[in-house]
Amino acid sequence: MKKILLSALLISLCAAIHLNAQTIKIHVSNYHNEPLMLVYMVGSDGLERKEIKIENNQGSVTVTLPLYTQMSIINRGEKNNIKAGQGIIPGESIMLFAEGKDITVNVDMDKWPVCTIKGGPLAADCMKLWSRTAPLKAQAFEMTGKSVAATNEAESKKYMAEREVLRGKISAMEEQFVPDNPHSYLSLHLLSGQRNTFEIEEFERRLNLLGVKLKALPEAVELAGFISTKKSTAIGCAAPAFEKMDKEGKVVKLSDYKGSYLLIDFWGTWCGPCRNSHPHLVELYRKYSPLGLRFLNVAQEGSVQSRQRWVDAIAQDKLEWTQILNDQGIDKCNMVSLFAVTAFPTKILISPNGKVVSRIVGEDADIDSILLGIFKNAVAKKAVLNGTIDCYMGTGNLLCVSESATGPVYDTIKVDPSGAFVFERDCPNPFMAKVYLEFLGRDRCVYEVYMVNGSTADIAITGARDKAGKMVTDIHFSGEYSAESEFVKNYSK
């Protein structure tokens, strides 16, 4: 299952106090003029990059950074970057942390990222894990290259499967490092990246294993807040209320979806697995929206400046339902935080009474079985439309087109000479059925109506000729419906 994690570079908020300057020294063998860079985050200003110039097989960079700032030595050499289509798949980088002591890295460029790391206690912890995982990371990257270069799909899948086995071994080592080293900052860093690996109870247990000093750090406090939010949005809990503006500038609230199942898809234009999942999401929309399932997409782009890219992606992916840009108004309502979303794509299914039914992270077929189970077990109830057409005059027919999971269903509604008609439609509980009432007289008028299971509605279609002789019609609801009803829409063509 592919996941895009939010925690890329973890920065300590507690380190407003800068340490003394520390030097990162690197000694290389089998050097082929590969460009090397030290990359790290500087506050909220973004990534800082410093070139590591290699002379006589060694180089160094001096930095003054807050405690625990993550640093990465990146190899931009040709062997460490795989060309894939129009893009590039970068290889592994060597991970380090600022701790106020000089760090020395020795690396054979032909065996990158395998290396030795020497420095303070945290560097020793990094080496303890890296000595085991780096050889596997190198092998996994090699499998990625072979998969890209494969001449057929079967061969490509074979290498991808081998890569996933290696990645599984790496993950297991990183997961075990946390309980084995509860007083190492590296354990806290690793745990932050494992938010989607464990059930929330196990994740909380692992956080509680950490030493007292580590749990006092802002990163650990943030994880405790994440656990609290995740528990409050767990399956069976009430979904958090939200109020956001959609793409069209309309206010969207959780209460708008009361009485319907709601599927929220958290995504981003930058997220490959998200975009790849959209054709399937469109299929689900076409299959289940006629049965009353409602859809909402929430995109996380990183800034409101990405709005046009977001709008373009919506059109490209043919997402016809309500779209929200989380970055817009994020200071007032952050839906990603409200729903404790830490990986993309994430899909959350909410019941008609506002409870969380399911959380699905990554590309997963579980949503199909979940929706099939819900709709298959629905109990059908009749919905009734009692109507009149004052402009009928016995010269036209009323055609009803009902959408269903298997396709459109056509019914001709009998209208008596006075213009009165009755139409009944089975609606699966607790869903609605969308029907189109089409008056085929001298002029063509179409009305879109949501019929709610077990309900009765009275409608009246009225019309008059305009100056050009064209019939102008309107539709009015009474009984269980009102002009403000969220279940009723109408339009003319």
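## Briefing on the predicted model

Thr197 sits in the loop that runs between helix H3 (185-192) and helix H4 (200-209), where helices (H or I, at least four residues) and strands (E, at least two) are DSSP runs numbered from the N terminus. This is a predicted model, in which local features need pLDDT of at least 70 and side-chain atom pairs count only at pLDDT 80 or more, while totals for chains, interfaces and linings use all residues. Residues are numbered from 1 along each chain as its sequence is written, and side-chain values use heavy atoms, with hydrogens and water left out.

**Overall make-up and confidence**

- The protein contains ten helices and 27 strands, and buried residues account for 48% of its 493 residues; buried means under 20% relative accessible area, exposed over 50%, and partly exposed in between (1.4 Å probe, protein chains only).
- Among contacts between residues at least 6 apart in sequence, 66% join residues at least 24 apart, a contact being heavy atoms within 4.5 Å.
- The mean pLDDT of the protein is 81, and 75% of its residues reach 70 or more, pLDDT being the predictor's confidence in each residue, from 0 to 100.
- Over residues 429-434 the pLDDT is below 50, and this stretch has 37 contacts in the model beyond near neighbours in sequence.
- Over residues 479-493 the pLDDT likewise stays under 50, and the model has 36 contacts for them beyond four places in sequence.

**Nonpolar cores**

- The largest nonpolar core has 59 residues, of which Met71, Ile73 and Ile117 touch the most other members; such a core is a set of buried Ala, Val, Leu, Ile, Met, Phe, Trp, Tyr and Cys residues joined through side-chain atoms within 4.5 Å.
- Helix H1 (residues 121-149) gives the most to this core, contributing ten residues.
- Apart from it lies another core, of 46 residues, which includes Val252, Leu263, Cys274 and Ala299.
- Ile117, leaving aside its neighbours within four places in sequence, has contacts that include Ile94, Leu96, Ile103, Met127 and Trp130.

- Thr133 is found in helix H1 and counts as buried because its relative accessibility is 1%.
- Not counting residues up to four places away in sequence, Thr133 touches Ile170 and Met173.
- Ala172, which lies in helix H2 (residues 153-180), is 39 residues from Thr133 in sequence and 9.9 Å from Thr133 in space, C-alpha to C-alpha.
- Ala172 counts as partly exposed, since its relative accessibility is 41%.

**Cysteines**

- One disulfide is counted, taking a disulfide as a pair of cysteine sulfur atoms within 2.5 Å.
- The disulfide joins Cys271 to Cys274 with an S to S distance of 2.3 Å, and the link is right-handed, with 80° about the S-S bond.
- Both Cys271 and Cys274 are buried.
- Cys237 counts as partly exposed because its relative accessibility is 24%, whereas Cys333, at 9%, counts as buried.

- Strand E18 (residues 346-350) and E19 pair in the antiparallel sense over five bridges, where two strands pair if DSSP finds at least two bridges between them.
- Val361 in E19 is the bridge partner of Thr346.
- The two strands form a hairpin with five residues between them, and Gly354 in the turn has a positive phi of about 85°.
- Five of the six residues of strand E19 (residues 356-361) are buried, so this strand is largely enclosed by the rest of the structure.

**Backbone exceptions**

- Most residues other than glycine have a negative phi, and most peptide bonds are trans.
- The peptide bond from Trp112 to Pro113 is cis, with omega near 5°, and Pro113 lies in the loop between strand E10 (103-108) and strand E11 (115-118).
- Phe344 and Pro345 are also joined by a cis peptide bond, with omega about -5°.
- Asn30 has a positive phi near 50°, and Asn33 has a positive phi of about 65°.
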